[in-house]
Amino acid sequence: MALETIDAAAKRGVLAVQEYATLSGRALGNLFRRPFYRSDIFLQADIIGVGSLPIVILTGFFLGGVLALQSASTLTQFGATAFTGQLVSFSMIKEIGPVVTALMVSGRNASGMASELGSMIVTEQIDAMRALGTDPLKKLVMPRIVATVVMLFFLVILSDAVGIFGGGFVSVIMLGQDGSQYFHTAYQSLAFPDILQGLVKPVFFGLIIATIGCYFGMKTRGGTQGVGRSTTQAVVWSSILIITCDFLISRTLIGIFGR
Amino acid sequence: MTGVATNGATPPRPSPSGEPVVVFEDVSIAFDQKPVLESVSFQVRHGETRILLGPAGVGKSVLLKLTNGLLRPDSGRIFVFGKEISAMREEDLFELRGAIGTVFQEGALFDSLTVRDNVGYRLLEEHISEDEITSRVTEALRFVELEHTLYQFPSQLSGGMRRRVAIARAIVTHPQLILYDSPTGGLDPITSTTIIELVMKQRDVSHTSSIVVTHRLQDAFMLATHHFSTEENHMVPLGEHQADPNTSFMMLHQGRLVFDGTTAELVNSSDPFIRSYIE
């Protein structure tokens, strides 16, 4: 009996991965097929990118600030408070900026995509779209993927900048450090591999957020209760995959560049 | 209802090739290993209206979704306009569906779009000029007597009005086949009659082939025993014991097609299930 349960669960898991891969592959393949829904991409970029600006700016600023606070108190013990800027910029650009921004965007948009598409499934709007001759993967999924990947890339850059500024604000105003020294070390210590790591991650994270959000939305079953379930699963799985993917990218790039 | 015979009205308009519009050959489908349809075979000729009866949950909507390729059968073959849709790629089906209008159970209007954009959705996708879209949408909305709702959103409409907008969306491209999935489900009797009159108008004025799914017998028999008069602009009875020759019935029971025949054959059937269903 237990074996049967494991067997069924394994089959469900493999099927889910297969469905997810098929949906993502077909949606991305639509990038090169006409019609190209340019206006839908801009609409989604506005909803996902511009709509996420307030939370990204606020979290970025306070994360930079708390990083400066925490690192300064430790660095003081070694007489190395001059390295506060370096520590904040390193952490923000390589890890905190991409991961926290992605988690914030995931919480806001993966859930939004899952609930919107899920509601369209249960009210037969997706079937109606197919019956009217439109591919929902092309019209609904592809624009969301493109918009999320592009906008998350810029949101992460913005979050990094605001975070470093937040760290500087705390270092200068609250800790009495020299502002010039803070920004100088923050800028000077950065090398190409650090920037690359910070810019590669949001591309993968954006892909995860959009494909997971759309996948759970498109496989919604069971009315409004099913929409709620899809929304929760989208946030949970995109968060897990973002952190797992973060580890894998970090390990790979550190392996290649040695830092 | 006994003794119903077909009247001498105009026979269905033959298709250029004379082949049926829809053909089901031994079609079966199951969900989670539970059979929903088993060995279902039937045809829809050009200009013919097939009324599909059956209790709730018997697979009527599934049959409609198989007809426009939204679902694929586990076994058997389905031909629409002579093309085997059960063997077609999804990309090719999108094109074919342009010639099929579908009215979903609850209308399935896009709630973020206005009535104009809902009805003209397909025209918008084809990048037809805005003026032509407005003109064709207005014409379709006039058919369902809702031209004043052009710039309203679905949430501002009543259930019956949403269903009528869904009919307008289905007919705006002048399809050769219309699939109605319980068009009167959940509506009050007066609104149901209005919807049935629209289905009849489409049948008698445009001679479009259609499959009408319903579990409301009064709607089904109204379709079979009335015709739309263009002079009087509403439906009129065909006369005592007369039925429309282009309208016939099918009945599903436990996943199988237990009846396929004319109105007269249905009302005179001695099958215990059919008798219990229609009485």
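Tutor: In strand E6(B), B:Lys83 is the bridge partner of B:Val80. This is a predicted model, in which local features need pLDDT of at least 70 and side-chain atom pairs count only at pLDDT 80 or more, whereas totals for chains, interfaces and linings use all residues. Residues are numbered from 1 along each chain as its sequence is written, while chains are lettered from A and ligands numbered from 1 in the order in which they are written.

Student: In which sense do strand E5 and E6(B) pair, and over how many bridges?

Tutor: In general, strands of a sheet pair through backbone hydrogen bonds, either parallel or antiparallel. Here E5 (residues 75–80) of chain B and E6(B) pair in the antiparallel sense over 2 bridges; two strands count as paired if DSSP finds at least two bridges between them, and strands (E, at least two residues) and helices (H or I, at least four) are DSSP runs numbered from the N terminus. These strands belong to an open sheet of 4 strands in chain B, with the order E3-E2-E5-E6 and antiparallel pairing, and its edge strands, E3 and E6 (83–84) of chain B, each pair on one side only.

Student: What is the strand order of the open sheet of 6 strands in chain B?

Tutor: The order is E7-E8-E9-E4-E13-E14 in chain B, and the pairing is mixed. Because strand E7 (100–103) and strand E14 (256–261) of chain B each have a single partner strand, one side of each is left without a neighbour in the sheet. The twist averages 15° from one strand to the next, with axes taken as lines fitted to C-alpha atoms, for helices over the stretch in contact, and angles running from 0 to 180 degrees between N-to-C directions. Within this sheet, E4 (residues 49–53) and E13 (residues 247–253) of chain B run parallel and are joined by 5 bridges, B:Leu52 standing opposite B:Met250 in E13(B).

Student: At what angle do helices H1 and H5 of chain A cross?

Tutor: Two packed helices are described by the angle between their axes and the distance between the axes. The axes of H1 (residues 2–29) and H5 (residues 136–174) of chain A come within 9 Å and cross at roughly 90°. H1(A) and H5(A) are therefore roughly perpendicular to each other, given that angles under 35 degrees count as roughly parallel, over 145 as roughly antiparallel, 65 to 115 as roughly perpendicular and the rest as oblique. Among the residues making the contact are A:Leu23 and A:Arg26 of H1(A) and A:Leu137 and A:Val141 of H5(A), where contact requires C-beta atoms, placed from the backbone, to lie within 7 Å.

Note on methods:
Two residues are in contact if their C-beta atoms, placed from the backbone, lie within 7 Å.
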